[in-house]
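Welcome, and thank you for taking a look at this protein. Please open the sequence and the model side by side, and let us walk through a few places together.

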Amino acid sequence: MSAEQRRAELEVKRAKLEKMRQEKSQKPGATTPMTPNISSMSITGLSAPREDADPDKILKEVGIHQAASLPMSSRSISPATASSQQKRRPPANIALQICQQPAATISVPPKELVTYSKEVQTIESGEKDPTASPIQHDHLQWDDEFQPSTTGEHNRLVYVSDDDTMSFDETSKASIGMTLPPAIELKRARSLKQQHKQQSLQGQASLTKHELTNDERDQILRSDPFQDFFSRTSRLIERSLWESPKAFDIFKDYSGRDLDGQNEKMDVGEIIKFDREFFDERWTRHRIVTCIDTSTYHPELVLASYSQNDESSHESDGVVLIWNSKYKSKPTPEYIFNCQSWVTSCAFSKFHPNIVLGGTYSGQIVVWDTRTNKRTPVQRTALSASSHTHPVYCLQVIGTQNANNLISISNEGKMCSWNIEMMTQPQESMDLAYRTKPVAATRMVFPGVEVNNFIIGSEEGQAYSGSRHGNKAGIQESYEGHFGPITGLSCHNVNGSIDFSPLFLTSSFDWSVKLWSLKESKPLNSFEVNSDYVTDVRWSPVHPSVFLTCDITGRFDIWNLNHDSELPLLSTTLDGNVALNKCLWAHNGQQIILGDDQGKLRLYGVNEFLTNPKQDDFNKLSNTLQDFKRNTLDAFDDNHPTNTAAAATAATTN
């Protein structure tokens with residue numbers, strides 16, 4: 001076919017198409033431009049279709065003209081295809097009907113790009129309703145601008161954030177099981193979140209720190225809360241900085257087999273072991289340790305009082321320190337207390353763990369409280385005739401938790417009883433005198449749990465026993481034996497199968513230590529191994545036959561009467577030309593504490609055979625005491641004048 005013929009044929013087809021458009025535009029009720037007017041067509045010819053009818057003719061009758069001829073390859077149909085088409089043809093007896101259907105308009109929204117910001121990911125972290133669906137989100141709400149429409153527009157679920165949105169259709173919501181709250185509640189939630197956000201922003205703005213002035217800074221530093229915080233935390237930091245791992249003895253034998261016969265085998269290094277030393281360059285240098293005590297509530301705390309520092313006039317005369325033996329490398333004390341007069345005696349209150357008591361050289365009794373941040377006393381007694389006006393050398397708290405008193409003595413010969421909560425005036429006052437002779441007391445002790453009977457030591461070298469109340473209140477008995485002031489006094493307080501509570505020990509400037517019984521006016525035994533003033537003596541709180549002594553040459557001795565009554569079990573002299581002034585056992589008997597004239601406290605660990613007495617130790621001590629009594633009687637008989645005269649007469653007669 002030539003090009004001209006082809007062009008002519010196209011012109012003819014174009015004219016036909018134009019004519020068909022014009023005819024179609026003139027017909028009413030046209031819905032779509034490509035849909036023929038089926039209603040105007042005759043369907044009589046379709047009511048009974050014939051199998052031999054030509055499809056091209058049928059299409060021409062309805063106004064559809066065949067396009068250009070298809071290639072033969074595309075028009076060829078395989079026999080199998082032809083047979084399948086024949087099978088799909090409707091039976092001849094079924095009438096085909098062509099009906100008009102309304103057209104549906106579909107609007108496909110554009111795909112939305114959803115982005116997530118950091119705020120979106122974390123704004124509602126952890127805020128879930130346990131009663132709701134596992135994936136219910138309170139921060140999702142229906143957007144009011146997109147309501148369900150009749151045109152089939154999908155509902156949209158909008159993420160309440162700054163700029164980000166995300167959409168779900170109904171099918172997606174049903175598939176994921178999402179439960180959507182009403183729009184009103186979600187609006188309210190959204191407004192509340194906005195309010196919370198504004199309040200948080202305002203709070204952050206209000207928390208903005210401003211620079212403190214010097215006056216404000218000084219006011220904070222001087223405030224009690226800050227002082228309490230700083231004092232408490234500084235102690236914690238010091239403990240953590242100086243604490244070192246505790247060394248354990250891997251060769252320790254808990255069976256006790258290695259304790260048999262140790263008295264004869266052990267040397268000094270096996271009986272005691274140096275633990276640590278308490279000393280502060282500022283507070284204890286050039287001061288004498290005047291008294292030592294340990295806490296019943298916190299056994300690791302050691303209380304020590306010190307004399308005045310003659311080398312420094314600007315320091316406080318009186319100093320009391322509390323040391324902590326638990327932290328072996330910590331060089332500073334736990335608490336520091338000061339007083340205008342140097343402190344001659346000190347004590348923990350057995351029934352008030354926060355109260356520290358001190359007796360002064362001026363005669364006042366002062367009270368410190370560890371709960372406050374003050375180093376000065378919170379209470380003090382008045383200097384009056386009803387209380388002490390001379391140095392207070394001994395303090396002791398007696399009684400029970402509900403009824404207790406503080407007992408004090410001074411060398412003016414007066415004993416006072418105080419209520420710790422009210423120290424303005426003594427509750428009771430007693431003048432110490434023996435047969436009208438005033439007694440200048442230096443030491444005092446109440447045996448065991450006694451609250452009435454007491455023992456005191458005097459400057460004259462005599463010991464006295466008496467009672468606070470009763471028909472014979474005051475000093476009743478005298479125990480003569482020393483030739484110098486009594487410097488130490490200790491009662492036997494170890495409970496066991498035999499009662500040794502009448503026993504007590506005294507030390508004196510006459511270089512001796514004497515053992516007494518309240519039932520005997522003369523000493524049971526005298527220990528005279530020292531070469532200078534003996535400054536203190538203490539019974540062991542756990543072993544019945546062990547006691548400790550010290551003197552001004554730096555020597556301290558540990559005695560075991562069951563082992564030897566003439567020589568100490570251990571005798572050690574400290575280096576450095578120091579004078580020991582005070583000694584004390586820990587409450588468990590596992591440590592001894594020594595105080596010297598250079599302001600140092602020394603702690604020594606004691607071997608366990610001195611802290612774990614056996615049952616026969618009480619029987620052995622009883623036998624030892626019987627030997628002491630027989631020796632005393634023999635010495636008395638030898639020195640008695642009647643016996644001496646009888647012996648001389650017998651010698652003359654012979």
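## Starting at Gln591

Let us begin with Gln591, which is found in strand β31; helices (H or I, at least four residues) and strands (E, at least two) are DSSP runs, numbered from the N terminus. The side chains of Gln591 and Asp275 are joined by a polar contact of 3.0 Å. A polar contact is a pair of N or O atoms within 3.5 Å; within protein, one must be able to donate a hydrogen and the other to accept it, and residues adjacent in sequence count only if both atoms are side-chain atoms. Beyond its neighbours within four places in sequence, Gln591 is in contact (heavy atoms within 4.5 Å) with residues including Asp275, Leu584, Trp585, Leu603 and Tyr604.

A word on what you are viewing: this is a predicted model, in which local features need pLDDT of at least 70 and side-chain atom pairs count only at pLDDT 80 or more, while totals for chains, interfaces and linings use all residues. Residues are numbered from 1 along each chain as its sequence is written, and side-chain values use heavy atoms, with hydrogens and water left out.

## The protein as a whole

The protein has 13 helices and 32 strands. Of its 654 residues, 36% count as buried, where buried means under 20% relative accessible area, exposed over 50%, and partly exposed in between (1.4 Å probe, protein chains only). Among contacts between residues at least 6 apart in sequence, 52% join residues at least 24 apart.

## A four-stranded sheet

Strand β31 belongs to an open sheet of four strands with the order β3-β32-β31-β30 and antiparallel pairing. Its edge strands, each pairing on one side only, are β3 (272–278) and β30. From one strand to the next, the twist averages 20°; axes are lines fitted to C-alpha atoms, for helices over the stretch in contact, and angles run from 0 to 180 degrees between N-to-C directions.

Two strands pair if DSSP finds at least two bridges between them. For β3 and β32, the antiparallel pairing runs over six bridges, and Phe274 has Tyr604 in β32 as its bridge partner.

## Nonpolar cores

Which residues touch the most other members of the largest nonpolar core? They are Leu548, Phe556, Ile558, Ile592 and Leu610, out of 20 residues in that core. Strands β27 (546–551), β28 (555–560), β30 (580–585), β31 (591–596) and β32 (601–606) each supply at least two of its residues. A second, separate core of 18 residues includes Phe527, Trp539, Trp559 and Phe618. A nonpolar core here is a set of buried Ala, Val, Leu, Ile, Met, Phe, Trp, Tyr and Cys residues joined through side-chain atoms within 4.5 Å.

## A buried asparagine

Asn404 is found in strand β13 (residues 404–410) and counts as buried, at 15% relative accessibility. A polar atom of the Asn404 side chain lies 2.9 Å from the backbone oxygen of Thr400, and one lies 3.3 Å from the backbone oxygen of Gln401.

## Cysteines without disulfides

The structure holds zero disulfides, a disulfide being a pair of cysteine sulfur atoms within 2.5 Å. For Cys394, the nearest cysteine sulfur is that of Cys291, 7.4 Å away. Cys394 is buried, with a relative accessible area of 11%. For Cys550, the nearest cysteine sulfur is that of Cys583, 3.9 Å away, and Cys550 counts as buried at 0% relative accessibility.
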